Amino acid sequence: MSAVDVLHVVFKVGETDYVLPASTVLEMESFSGVTHVPGTATHVAGLVHIRGRVIPLVDLRARFGLGPVERSLDQRVVVVDHHGRRIGLLVDAAREVAKIEQGAFDRPPDIVVERAAGFVKAVARVGPRLVMLLDCERVLAQEQGDG
Amino acid sequence: MTQSVDVQEFLQGFLGEADEHLGRITGNLAAIEREPSHAHGRELGELLRSLHTLKGLAGMMGIDGIVDLAHAMETLVRAAERSHGRLPPRALDPLVEGAGAITQRIRALADGLAVPPAPEPLLAALERAADAPSEGPEPRRALQLDLDPSIADKLTASEREEIGRALEHGDAVVLVEFVPTPAKAEAGTTITTVRAGIAPHGRIVRVLPRSRPRTEDAPGGLDFALVVVTRLSVAELAAAARVDPSDVRRIGATEPVDTPALVESVGPADEGAFDRASRKGVVRMDVAKLDAALEHLSAIALGRARLREEVQRLAADGLDLRRLRAMLDDEARPLRRMRETLLGLRMVPLREVLEPLPLIVRGLRNTTGKHVRLSVDVGTAELDKTVAERVFPALVHIVRNAVDHGIESPDVRASRGKPPEGHVRVEASSSSAATLDITIVDDGGGVDAAAVARRAGKPVPSDDAGLLDILTTPGFSSRDETTTTSGRGIGLDIVRQTMDALGGALELENRPGQGTTMRLRAPLTVAIVDAFAFEAGRERYLAPIGVVDAIVEVEPSAVVRPPRGPGEGQPIELLHVRGDVIPLVSLRRALGLAPTGDEPKAMIVRRAGHRFAFTIERMLGRHEVLVRPLGDPLVRVPGVAGSADLGDGRPTLVLDLAGLTGRLVERTSAEVQP
C-alpha cells in the first residue's frame, strides 16, 4: 500500500469515466476525421495525422460495443504510448486530470468486468464518481481483422 | 515523462553528443581490430578523448552505468597507451563489449527506459585487462637516463620500463654508490645493510657490482651501484641507508622527443562540451522533421499545380500570360533541387551503418568458438536512413546465422580442406538506379536442404527459392534449442517481412559444402513515389504509377461475363482491351469493401506478367508523394503500402496494387487463361 499520488487523465466513453496514468499519455488532440483502412478490425477506426505523425486510431466506443454517435466537438483523440507504439484512442470527451493514490485502486466488481469485457484493470473513487482504469494491453490486443 | 525539465532539455543534446562519441569509439576499435599488429597511437588517443568526454557528459547527466563503463574502458586504454602505445589483443574484447554495453544504455535512455548499472563481470574484465602485466613487443620508449654508460647499458628493457613508470608516477630515480671498506664494515655498514636500509623506502631496481682499481678508498677493488626508485629525498635515503649523502645522486631522465604527449583534459568535461557552435558542421536531426519538410514541399508543389491550372484557364479566355508562365517555370527548378537536397539529407553511407558488424562478429567468436573474419566492401553506397534502420537488424541476423550455423568449427573446416578461419563478406552494388543489392557471402557449409525440410515437415525443396520459403516460415528454427546468439532478435521470417514491407526482396543462393549467399535488395529511397490519385467510392487513394500500365474507360460493350456453372464461385468479368482480355474487378471489392456501382474507369495493373483491371470512379491527378509505411500492426493490411499527405492534412492511403493483383491472381488463375 503506497500513499503516492499519481496523476491520471480522465476521459469519457459513453456514460462511464475511464482513467490512464498521465505518464502513458503523449498528447490529447481534438478529433477532425479519420482515414479508414480496409481490412482492419472493426474497432480500428483508421489513420489520423497528429502533430506530424500518422498513427492508428482505435474507436473505444466500438471497442466496448457501444453504438456510434454523431461527431461532436467534445470528442478527443488520446494518444498513448504502448510499449513504444503510438496509438490514438477516440473518446467522447477528455477534460480532466485527477490525482489518484496508488493504493486506492480496487479489483473491478463483477458487473463492470462483464460489461467492459475485461478492458478494465481496476476501479477507484474520485470524489463521488467511480472511475475505471483502462487495460491498454487488452484494448489494443491483436485479433485477426474482422472486416 | 517523469524526468525533471532540466534533464529533458539536455537529453537531446547529450544523445547527439553521445552518439558521435560512440561512433568514434566504435570506428577506432574497428580500425584497431582490422590491423592488430600495427601501432595505434592515433586511435588510442582518440579513444581516450572520446571515452573521457563521454564519461564527463554522462556524469553531468547522472548516468552512473555509462560513467562506470567509460571510466573502466578509459583506464584500460590509458594503461595500454602508456606501456606500449599498442592495445594488446586480449584487451580488445572487453573494450568492444564495453562499447556495446554503453550503446545499449544510450538506447535505453533515448527510449525513456531505465539505464541499468554497468555489469560487474564486464567491469572486472576491463580492470583485469588494465592491471595485467603488459605483454607484447619492446616498449617504444627508450628512456635516456643520466647515468654512466657502464651502468645504463646493463639495465634490461623491463628495468628501464620500471624506471620509466616510476618516473611517471612521480617517484625519483636515485643512484647509490657504495664502496665497501673495512672501516665501514666495522661500523656495521655493508652492502647488505645498505640494501636493508633502502628496502622499506624504495624499490631497488638493480644492484650492479663493479670492479675498480684498488685504492686506499676501495681496497676491495669492488663497489656497488644501486639503482633505486624512491619517494625519499637524497638526504633521507642516505640516512636510511646509512651512507654518505655524497654517495647518493638523483638521476635525471629525458624522454625521447617522438613520444606522443597525452592530451589530458582538466577534470570532467566542462560545459564547453555542450557548445554547439564550436562543433564540426554536423547537425543531428529527427528524420520526422525531414519528412515534415518534404511534405511541406509536396504541399507547395500541389499549390503550384493548381496555379498552373488557373493560368491555363485564364489563358484560354484570351489573356496573355506568357510572362506568368515563365515565372512558374523558373520556380520549378529550385523547387526540384530543394526536393533532391531534402531527399539527399535522408541518405546515410552504408559503410557507416555497417561499421559495428566486424565487432559483433568478434564478439561471436567467444560464444560460438568459431573463428570468423568479416570484411565489409560496400564502397560509397548510400541509402535512405529509414531503410538503413530497418535493414541493419536484418543484416545482423543474417551475419549471426552465417557465423552460428553456416561457418563450421575449425576441425570440421580443416577436415574439409578449408582455412580454419571462416570468411563472411558483405558487399553492396546497385542493381538498378533505384535499388541497392547487399550480399552476405560466407564460405561455410551451406544449408542442408534435406535436414531443413525434415525439420519443417515439408517435402525437400526443388530449388533455392523453395528452400528460402521454408527457412522464412514463421517460427522455424534450425536447431532444437535456439542458440544464444541467433535465438535473440529477429528471425529470418521477419527479415523477409522487412524486405517485403520495404518493397525489396530477399534471395538465397545455397552451395552445399561451400557456403551460402544471401542477397537483400533494398530500395534506395522508399520515401518519394510518383503516384496517381484517384477516387473509388468517394474515398481518395494513391497508387504508384510504376505498376499501372494504362487507364481506360470501361465501355459496357467491352465487358464479357463468361457463363459459370453451379459451384464455380464468384462470376468473373473480363474486359476487352486492344485485343486482349483482362480480368476486371472493382477496386473496392478487391479491398474488401462494397462496390458503389459507379465505376466507369479502370486502371490496368501489371505484375509479373499478369494483368488485372481495377475499376474506379475517377482519376484525380498525378503527384509525387512521400509514402509513410504503416508501421503499427493494428493497421497493417495487405493491399495498403502506407499513407501520404496530399496537402490537406488527412492521411491518404497508398495502395499496393501489385500485391492486390498477386492475391487475385492466386484466386482466379485457374479460371482465366488467355
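**Reading the chain A and chain B interface**

Tutor: Chain B and chain A bury about 1900 Å² between them, with 67% of it on carbon and sulfur atoms. Buried area is the accessible area (1.4 Å probe) that two parts lose on being put together, summed over both. This is a predicted model: local features need pLDDT of at least 70, side-chain atom pairs count only at pLDDT 80 or more, and totals for chains, interfaces and linings use all residues. Residues are numbered from 1 along each chain as its sequence is written, chains are lettered from A and ligands numbered from 1 in the order in which they are written, and side-chain values use heavy atoms, with hydrogens and water left out.

Student: How many residues does each chain bring to the contact?

Tutor: Contact means heavy atoms within 4.5 Å. Chain A brings 23 residues and chain B brings 18 residues.

Student: Which residues form the salt bridge?

Tutor: A salt bridge puts a side-chain nitrogen of Lys or Arg within 4 Å of a carboxyl oxygen of Asp or Glu. The rule finds 1 across this interface. Arg85(A) pairs with Asp632(B), and their closest N and O atoms are 2.8 Å apart.

Student: Which strands of chain B supply at least two residues each to the side that touches chain A?

Tutor: Strands (E, at least two residues) and helices (H or I, at least four) are DSSP runs, numbered from the N terminus. Here they are strand E24 (640-645) and strand E25 (651-655). E24(B) gives the most, with 3 residues.

Student: What classes of residue make up that side of chain B?

Tutor: Ala, Val, Leu, Ile, Met, Phe, Trp, Tyr, Cys and Pro count as nonpolar, Asp, Glu, Lys and Arg as charged, and the others, Gly among them, as polar. The side of chain B that touches chain A has 11 nonpolar, 5 charged and 2 polar residues.

Student: Over which residues of chain B is pLDDT under 50?

Tutor: pLDDT is the predictor's confidence in each residue, from 0 to 100. Residues 136-140 of chain B are one such stretch. Residues 479-489 of chain B are also below 50. Where pLDDT is low, the predicted coordinates should not be read in detail. Chain B has a mean pLDDT of 79, and 84% of its residues reach 70 or more. The model scores ipTM 0.87 and pTM 0.49.
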